[in-house]
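Me: Could you show me how to read salt bridges and burial in a structure?

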Amino acid sequence: GRIMEDLSMSAALMTGYNSIVKERLEKLIQEYPKHTKGAANYGGYNAGIIGKSGRFLGRISYGATPEKMESGFATAMRVEPPVVSNHIEYAIALERVYGKDEIEKARKTLENLIGVEPLDAEEALELKRIEKLLADIGKE
C-alpha cells in the first residue's frame, strides 16, 4: 500500500499492485475483522485512489469510494486506547478525499491525539509528527 502512494495510477496499474493490494487487504479484513491496521490501510487505499484519480474515475475504474474509505477508518478507530497511526492516516485520507471541505475534521482528528500516552516507540514518533501535520494541513 505504501509503495502505491508514490506511484502514479498508470504505474500502479502496470505493476499490478492495485489489484494485489486490494485483494490482500480485503482478505486480511475478512480473516481478521478486528485487525485495525488492516481496516485503516483499506481506508487509506481507497483514499489514495480517489486522491489520484478523483471520485468518479476512482469509483468506476477501481471501485474506490469515500464510503469505503470512511468504513475502513470507522472500524480502525473504534479501539481504545486509540491506535495513533490509524487516526493520523484518517486525517490524511480526509484531506485527500474531501480537500478543504473536511479540513476542520482532519485537524480535530489530529488535535484529539495531543496528550495521548504512546504505547511504544513507533507511537511516540507518530505523536511527534502531529505538530508538523497540523502546520501543513490544508496547504496545497
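The dialogue below takes up these features in turn.

Reply: This is a predicted model, in which local features need pLDDT of at least 70 and side-chain atom pairs count only at pLDDT 80 or more, whereas totals for chains, interfaces and linings use all residues. Residues are numbered from 1 along each chain as its sequence is written, and side-chain values use heavy atoms, with hydrogens and water left out.

Me: How many salt bridges does the structure hold?

Reply: A salt bridge is a side-chain nitrogen of Lys or Arg within 4 Å of a carboxyl oxygen of Asp or Glu, and the structure holds five. One of them joins Lys 37 to Glu 122, with the closest N and O atoms 3.9 Å apart; Lys 37 lies in helix α4 (residues 36-53) and Glu 122 in helix α9 (residues 121-136), so this pair ties together parts that are 85 residues apart in sequence. Helices here are DSSP runs (H or I, at least four residues), numbered from the N terminus.

Me: Which residue forms a salt bridge with Glu 104?

Reply: Glu 104 pairs with Arg 107, the closest N and O atoms being 2.9 Å apart, and both residues lie in helix α8 (residues 103-111), three residues apart, about one turn of the helix.

Me: Is His 87 buried or exposed?

Reply: Buried means under 20% relative accessible area, exposed over 50%, and partly exposed in between (1.4 Å probe, protein chains only). His 87, found in helix α7 (residues 84-98), counts as buried because its relative accessibility is 12%. Leaving aside residues up to four places away in sequence, His 87 touches Met 77, Pro 82, Thr 109 and Leu 113, where contact means heavy atoms within 4.5 Å.

Terms used: Helices (H or I, at least four residues) and strands (E, at least two) are DSSP runs, numbered from the N terminus.
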